[in-house]
Amino acid sequence: MSTNKIDPTKWVDKYSDYLFNYTIVRVNDREIANDLISETFLAGLKSMKNFKGEASERTWLISILKRKIIDHYRRINSKKGQAEVRIKYSDDSNEGDWLEEQAPDRLDMTAEDIMENEELGLAIIRCMENLPEKQAKIFKMKTIEGFDTEAICNEFNITPSNLWVIIHRARTTLAQCLEKNWF
Amino acid sequence: MSKFKSIFVDCSKAGNCCDKAQYNEASLPEKVKMLVHLALCKPCRKYSNKNTKLTKLIKDCDLKTCTEEEKQAWKEKIKQEIALKDRG
């Protein structure tokens, strides 16, 4: 039985941050991530009639995105034979040092930590989807993008007291939403 | 006596200060008053612990957001595709 409805006009506002965080950890390039998300939305529009409503819109879009990411790696792997590696030292004093030695080594994070952080990030975004639109926007600007209180107040035409009430409500809702698995 | 009184704040003020502290926007006197309140109020202590944990979780996962321009470009593409579909 079809329970979930599909509405492409709301995809960007509702799911773009989720899709973006899902993609960026897999391709590690903002521009490629943007292209893949764009392709996902267009493929979603084309195959809308196949959406049975059994899964949520987000799950359905992620299943399309997964295929797009796999296609992306297939594409770049097929070009591997033509690849040319160029090594350039950033300054002469470092000449002779391997670039590898200059790369930061994340000894503080294991593969499990990275996976757990990704899962946590997606869980936070899913919880943010439940916030009222304005509350979610203000919370994101303040907490994730690090905007000044004054800048947000000017943009939304609210007082600092209003802002802190909104932040308080958003934080309480998020803490409740995450409580089961992450607290 | 009034000076002594002013060090005590109610739960809503302590909660507000706790939120501000998550963004390093609480002043020193506000923090002192909050700490005094937390020492005396168990529910606020619980809220403060959760709030601090939430800040840590958000920081740990290094979330990223899409810019308004990126969102606008996607919306535009979807709009065009829908218009094309309606015509075809």
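A salt bridge here is a side-chain nitrogen of Lys or Arg within 4 Å of a carboxyl oxygen of Asp or Glu. Asp17(A), Lys140(A) and Lys71(B) are linked in a network of such bridges. The model is predicted. Over all chains, the count comes to 13 salt bridges, and a search of the whole structure finds one disulfide.

**Chain A overall**

- Chain A has eight helices and zero strands.
- Along the sequence, the pattern of chain A reads α-α-α-α-α-α-α-α.
- Chain A holds 183 residues, and 38% of them are buried.
- Among contacts in chain A with a separation of 6 or more, 63% come from residues 24 or more positions apart.
- Chain A has an accessible surface of about 11,800 Å². Carbon and sulfur atoms account for 49% of that surface.

**Helix H5 of chain A**

- Helix H5 of chain A covers residues 111-128, which is 18 residues.
- At 1.5 Å a residue, H5(A) should span 26 Å.
- The buried residues of H5(A) include Asn117(A), Glu118(A), Leu120(A), Gly121(A) and Leu122(A). Also among them are Ala123(A), Ile124(A), Ile125(A), Cys127(A) and Met128(A).
- Within chain A, the buried residues of H5(A) pack against helix H1 (11-27), helix H6 (133-144) and helix H8 (160-182).
- The buried residues of H5(A) also pack against a helix of chain B, namely H4 (42-60).

**The disulfide**

- Cys127(A) and Cys177(A) are joined by a disulfide, with an S to S distance of 2.0 Å.
- Cys127(A) lies in helix H5 of chain A and Cys177(A) in helix H8 of chain A, so the bond ties together parts that are 50 residues apart in sequence.
- The torsion about this S-S bond is about -80 degrees, so the disulfide is left-handed.
- Cys127(A) is buried, because its relative accessible area is 7%, under the 20% cut-off.
- Cys177(A) is partly exposed, with a relative accessibility of 33%.

**Other cysteines**

- Cys153(A) is buried at 6% relative accessible area.
- Cys41(B) is in no disulfide. The nearest cysteine sulfur belongs to Cys44(B) and is 3.5 Å away. A disulfide needs sulfur atoms within 2.5 Å.
- Cys41(B) is buried, with a relative accessible area of 11%.

**Salt bridges within chain A**

- Arg26(A) and Glu118(A) form a salt bridge, with the closest N and O atoms 2.7 Å apart.
- Arg26(A) sits in helix H1 of chain A and Glu118(A) in helix H5 of chain A, so this pair ties together parts that are 92 residues apart in sequence.
- Arg26(A) is partly exposed, at 30% relative accessible area. Glu118(A) counts as buried, at 19% relative accessibility.
- The side chains of Asp7(A) and Lys10(A) also meet in a salt bridge, at 3.6 Å from N to O.
- Asp7(A) is partly exposed, with a relative accessible area of 27%. Lys10(A) counts as partly exposed at 46%.

**A salt bridge between chains**

- Arg30(A) forms a salt bridge with Glu70(B), and the closest N and O atoms are 2.9 Å apart.
- This pair crosses from helix H2 (residues 30-46) of chain A to helix H5 (residues 68-87) of chain B.
- Arg30(A) counts as partly exposed at 34% relative accessibility. Glu70(B) is buried, with a relative accessible area of 13%.

**A buried arginine**

- Arg58(A) is in helix H3 (residues 57-78) of chain A.
- Arg58(A) is buried, because its relative accessible area is 16%, under the 20% cut-off.
- Leaving aside neighbours within four places in sequence, Arg58(A) is in contact with Tyr15(A), Tyr18(A), Arg126(A) and Glu129(A).

**A nonpolar patch on chain B**

- Ile7(B), Phe8(B), Leu28(B), Val32(B) and Leu40(B) form a nonpolar patch on the surface.
- Together these residues have about 480 Å² of accessible area.
- Leu40(B) is placed in helix H3 (residues 28-40) of chain B.
- Leu40(B) counts as exposed, because its relative accessibility is 61%, over the 50% cut-off.

Technical notes. Residues are numbered from 1 along each chain as its sequence is written. Chains are lettered from A and ligands numbered from 1 in the order in which they are written. This is a predicted model: local features need pLDDT of at least 70, side-chain atom pairs count only at pLDDT 80 or more; totals for chains, interfaces and linings use all residues. Side-chain values use heavy atoms; hydrogens and water are left out. Helices (H or I, at least four residues) and strands (E, at least two) are DSSP runs, numbered from the N terminus. The expected span of a helix is 1.5 Å times one less than its number of residues. Buried means under 20% relative accessible area, exposed over 50%, partly exposed in between (1.4 Å probe, protein chains only). Contact means heavy atoms within 4.5 Å. Patches are made of residues with over 30% relative accessible area and no salt bridge: like charges are joined within 9 Å, nonpolar side chains (Val, Leu, Ile, Met, Phe, Trp, Tyr) within 5 Å. Accessible areas come from the Shrake-Rupley method with a 1.4 Å probe; for residues, only the protein chains shown count as cover.
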